[in-house]
Amino acid sequence: MIVVLWSIRRVLAALVTLAGVSVLIFASVRLMPGDYTDLVLGPLATEAQRALAVAASGLDLPIPEQYLRWIGGVLTGDLGYSFVSNVSVTEEFAARLPVTATIAALTVVVTLLVGIPLGFVSALRAEGSAGAVGRFVSALGISVPEFLLAGLLVFAVSTLGLGISVGQYSSFAEDPGRFFGSLVLPIVVLSVGCVAVVARNTRDAVLNVLVEPHVQASVARGETPMFIIRHHVLRNAAVPILTIVGALVAVLLGGTVIVEFVFNVPGMGSYLQTALGRRDYNIIQNAVLLAAAVFIVTALVVDLVSNAIDPRLRLTGGSRR
Amino acid sequence: MRTRTTAGAAITAIALLALTGCTGASGPAPAATSEEVAPGFLAVADDTAPAGGELVVQVDYDTAEAGGLDPQSAATARSWMLEGLVYETLTTIDENLAVAPGLAASWETPSDTQYVFTLADDAVFSNGRPMTAADVVGSLQRLRDTPVTWTGQLGPIVSIEATGDLEVTVTLSEPYTPFLAALANTPAAILPMAEIEAGTVDITTEMLGTGPLVASAHRQDEQWTFVPNEHHPDAASLGFSTLTVDIVGDEATRAAALRDGSADLAILNSTDSASLLSGAADVRVATQRNTDFHYLMINSIGGDPALADEKVRFALNSAIDRDAINALVFGGSTAVTGVTPAGLPDSCDPSELASSARDVAAAKSAIDAVGGLDLNLLVYTDEPVLAQIAQVIQQNLAEIGVTVSIEQVDYATYSGKVYADPSDFDLALSWFAGYADPAMVTTWWNPTLAGFSSVYMTGSSDLNAAIATGASTPAGEERATALAEVCDLADRQSEMVPLVLRPSTIGWNTAELSPTLTADEGYGNVLRHITEFRVG
C-alpha cells in the first residue's frame, strides 16, 4: 500500500514537472535568436515569401496561443508537422526513435556485461594490479571525449580497411545486416564512457558495502567470498549501480548527438541538432519534451525497482536511513 | 603485466593514429589539384570505363526551402544542384561559363530587347508528356508573377509569348545583358504547367521535370535516391543505374567514405581535406573554381558610429590582406575578387582597385583620427572557413589600431543580428553566389533592389546608376568599363567588401567513378555533367 501511494505521488510529481518543463522548453525555443523563416528563406527572400512562410508555420499567432496549440496537440497525440520536411512529427520520430533506442539498448547491454564485472574486480582486487588496471581504464574511459574517440575510429577504420564502412547507414527493414553493422562503431564509442562510469560506480558501491559491519561479520563467521558477494554485497551494491545505469539509459535515449553526427546515424540526437540549427520549433519542442519524459519515467522506474530490491527503502517510503 | 602491455600498445596505436591524422593538417596544406585534364575540365569521363553501377555521392547538408521542392523558390546552391538533376532550363552554362543551349536548342535576338527561343523537340517530362511552348511560357510567367528571389534576376520582362509550336518569344523593356545567364539556373526551370494548372501535381512536394533523373525517394537530411528518367534523350547512355545522395554532416566522415570506397564522390568544405586524403589510394581531390565569393559587411547604419564615415570604412577595407587570406585559409587555391567575380568575362581587375594598394599607414592614420576602434566581427559556424578568414582580418586590422573580437554563432543567431532591422553588428562575414554573368551579383550592392542589405548599408545613387548601366550594357569592352566603375565605387564606399572567391573541394574515388567535372562553376552545381558520369 505504501508503495502504491508512493508511486501515485511520484507520478503526480512527474506530471507537474513535465508541465513546468514544457513551459521552459517553449520559452527557451522562442527566446533563441533568429527563427525558421529567416533561416530557411535566407536574406534574399522577398517580403511576400516571408509572409507566406510565417503564416504557413503558424508563427504569426500570439505566443500564448502557439503554446496552447502545441500542448493541446501533445495531449491529444497530434505533435504537429516539421517546418522543414512538412512531415508529421510523429512520423519523423517514428523513423528515428528505433535507431536511438537500439543504440541505447545495445550500449547498455555492453555496459552491464563489461562495466559491472570490471567494477567488481576493481573493488575486490583494489590493492592489486587488477584494481589498478580497472581504475586506469575507468579514468581513461571517462576522460576521453566522445568526439575524439569517434574521430579516431572514423580515421582508423577507413584507413586500415577493417571491413566496417563509416556512414553507410541502412534501415533495419532495408538491410538488417547493414543496419547493425552501421551501429557497431557508435556503440563502441558510447560504451567506452558508459563502461567507465558504471565500473567506477560499481567499484565504489562494492567498496562501501565491503566495509559494512554485516559483511565483516560474515567474514568473521568464515563464510566463503562467493557466498558473501552473492548474499551480502550484490544486493546492497545494486541500488547505487541501478541509479547510475538508469541515468545512463535516460541520457542515451535522449539522443546521442556526437556519435550520430560523426557516424551519420539518423537517430534522435542528430535530428534534434539539425532541428535546432534550423529553428524547427515543432521538432525541438517535442524532442526535448520527450527526452524529459524519458528521464522522468526512467527515474521513476529506477526508484520502483530500488524499492523492490532494498526493503529499507520501502519502509521509509524512499528515503534510506 | 600482459594487460599493461596490451593497454600500452593500444594507447600507442591510438596516439599514432591521431598523429597520422594531424600531421598533414598542421603543416602547409598541399592544395587540392586544380589541374585541367582538358581545357575547362578537372575530369572528363572515360567512355570506355565500366558503367551501370550505383553512384553514391555524399554532401554536407540537404536542401531545406520554405517553398518545399518548388525549384522557382529555391534560394540555395544545394537546392539548385539537387533539383537541377530533375529539372532543366532553357539555357545552361558550359565549361567556360558561357551560355549554352539547354531546352532551347537555339535562340535569336532580333533586337537587344527581344529573344526568340527555338525549343528542343525531344524534351519530355518524366511522366511521358512532351514539353510544349505553353510549359515554357507558363513557367516563366509564373516566375515573373510570383515574387521570389530569382524573379529580380530575370530582368525587365514585358511579355512572354508562344510564337510557334516550338518557339517562345520574350520581350524586355530595356536591354538586360544577364538575361540568358539568369535563365540557366534551376529557379528558371521549365515546369510541367499543364499538370500544375490541372492540380495533378504539387511541385512543392513532388518533382516532375524533363531532367535526366527522377527522385524516387527522399528522407529529409538523410538521403535522396534518383533513378533515370526513361524519357530523357540521355537515358540509354547513362553510366549508372541509380544515384544516391547521402547527407553526411561531418567532413571527416565524408573523407573516410571516399577512403574506404563507400562514397564515389563527396563534396568537401576544407582544402585541408586534400591533406587528409593525400595518402589514400584511388582518391583524387580537386578544387573547382566558383564565381561565389566571400565578402565582409561593414555596418554603416547600426554598427559602431565611426563606421558611418566612409574614410573609416575604406581604412578597414584597405588594411585587409586578401593575398594572405588566400594563402593562409585556402592554401593559395583561390583568387582575390572585386564585386564582379574574378574570372568572368568583363569582370573588373581587383588589383586596380584603390584598396589593393593596401596603404596601412594611411589606414592607421584614419583610425587614429577617430581614437582607435573596438569592433565585433560576426561569423557563423556552418561555414568553418569564415572563422579562419576572420582571424586573418583580425590580425590585419590590429596593424591599424582596430581591436576585433570574433563572435562565432549559429546561422539563425547570425541571421537575427545581421538581417534584422535594426541590425546588430559592426563587421560580419558571409558569401554570395557569383552566378554566371558578372552583372548579376552587383544587384546586391543596391540596397533598394536587394532589400536585405538596406539594414546595414546605405549605398549611393552613383553606385545604383553604375549597377544599372552594367546590367544594360552589352557584353564587351564597354561593359567591362561600366563594371569597373561599379567595382571602384563599391570599393571606395566599403560597405560590402569583396575578399576572395569561394572554391569547391571535390573528392572522388577513381577506382569506381569516372566523372566529368568542369574547372569553373557559376551556380554551385558540381553534378552539372552527371549524364556523363560512369560508375563500375
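Figure 1. Glu108(B) belongs to strand 5 of chain B, which covers residues 104-111. The view also includes Thr118(B), which is 10 residues away from Glu108(B) in sequence. From C-alpha to C-alpha, Glu108(B) and Thr118(B) are 8.4 Å apart in space.

**Figure 2. Helix 7 of chain B and the glycine that follows.** Is helix 7 of chain B largely enclosed or left open, and why? Of the 10 residues in this helix (residues 251-260), 9 are buried, so the helix is largely enclosed by the rest of the structure. The buried residues are Ala252(B), Thr253(B), Arg254(B), Ala255(B), Ala256(B), Ala257(B), Leu258(B), Arg259(B) and Asp260(B). Just after the helix comes Gly261(B), whose phi is positive, at about 85°.

**Figure 3. Parallel strands around strand 15 of chain B.** Strand 15 (residues 373-380) and strand 16 (residues 402-409) of chain B are joined by 8 bridges in the parallel sense. At one of these positions, Tyr380(B) has Val409(B) of strand 16 as its bridge partner. Helix 12 of chain B (residues 384-398) forms a right-handed β-α-β unit with strand 15 and strand 16 of chain B. Strand 15 of chain B also runs parallel to strand 17 of chain B (residues 427-432), to which 2 bridges join it. Here Leu377(B) is paired with Leu427(B) of strand 17. In general, the strands of a sheet pair through backbone hydrogen bonds, in either a parallel or an antiparallel arrangement.

**Figure 4. An open sheet of chain B with mixed pairing.** In what order do the 8 strands of this open sheet of chain B lie? The order is 9-10-11-2-12-19-13-22, and the pairing is mixed. Strand 9 (213-219) and strand 22 (520-521) of chain B stand at the edges with a single partner strand each, so one side of each has no neighbour in the sheet. Within the sheet, strand 12 (residues 265-268) and strand 19 (residues 504-509) of chain B run antiparallel and are joined by 4 bridges. In this pair, Leu268(B) stands opposite Thr505(B) of strand 19.

**Figure 5. The largest nonpolar core.** This core has 244 residues. The residues with the most contacts inside it are Ala150(A), Val198(A), Leu296(B), Ala315(B), Leu377(B), Leu427(B) and Val486(B). Helix 8 of chain A (residues 176-210) supplies the largest share of the core, namely 15 residues. Leaving aside residues up to four places away in sequence, Val486(B) touches Val339(B), Thr340(B), Thr442(B), Leu463(B), Ala466(B), Ile467(B) and Gly470(B). In soluble globular proteins, nonpolar side chains tend to be buried together.

**Figure 6. The contact between chain A and chain B.** Chain A contributes 41 residues to the contact, and chain B contributes 38 residues. On the side of chain A that touches chain B, the elements giving two or more residues are helix 2 (36-41), helix 3 (47-57), helix 7 (146-160), helix 11 (257-262) and helix 12 (268-278) of chain A. Helix 7 of chain A gives the most, with 7 residues. By class, this side of chain A comprises 21 nonpolar, 17 polar and 3 charged residues. For the complex, the predictor gives an ipTM of 0.77 and a pTM of 0.84.

Figure 7. The secondary structure of chain A consists of 14 helices and 0 strands. Of the 321 residues in chain A, 40% are buried. Among contacts in chain A with a separation of 6 or more, 73% join residues 24 or more positions apart. The mean pLDDT of chain A is 85, and 95% of its residues score at least 70. Where pLDDT is low, the predicted coordinates should not be read in detail.

Conventions:
Residues are numbered from 1 along each chain as its sequence is written. Chains are lettered from A and ligands numbered from 1 in the order in which they are written. This is a predicted model: local features need pLDDT of at least 70, side-chain atom pairs count only at pLDDT 80 or more; totals for chains, interfaces and linings use all residues. A nonpolar core is a set of buried Ala, Val, Leu, Ile, Met, Phe, Trp, Tyr and Cys residues joined through C-beta atoms within 7 Å. A residue is buried if 20 or more other C-beta atoms lie within 10 Å of its own, exposed if 12 or fewer, and partly exposed in between; C-beta atoms are placed from the backbone. Two residues are in contact if their C-beta atoms, placed from the backbone, lie within 7 Å. Two strands pair if DSSP finds at least two bridges between them. A crossover is right-handed if, with the strands pointing away from the viewer, the path from the first strand over the helix to the second runs clockwise. pLDDT is the predictor's confidence in each residue, from 0 to 100. Ala, Val, Leu, Ile, Met, Phe, Trp, Tyr, Cys and Pro count as nonpolar, Asp, Glu, Lys and Arg as charged, and the others, Gly among them, as polar.
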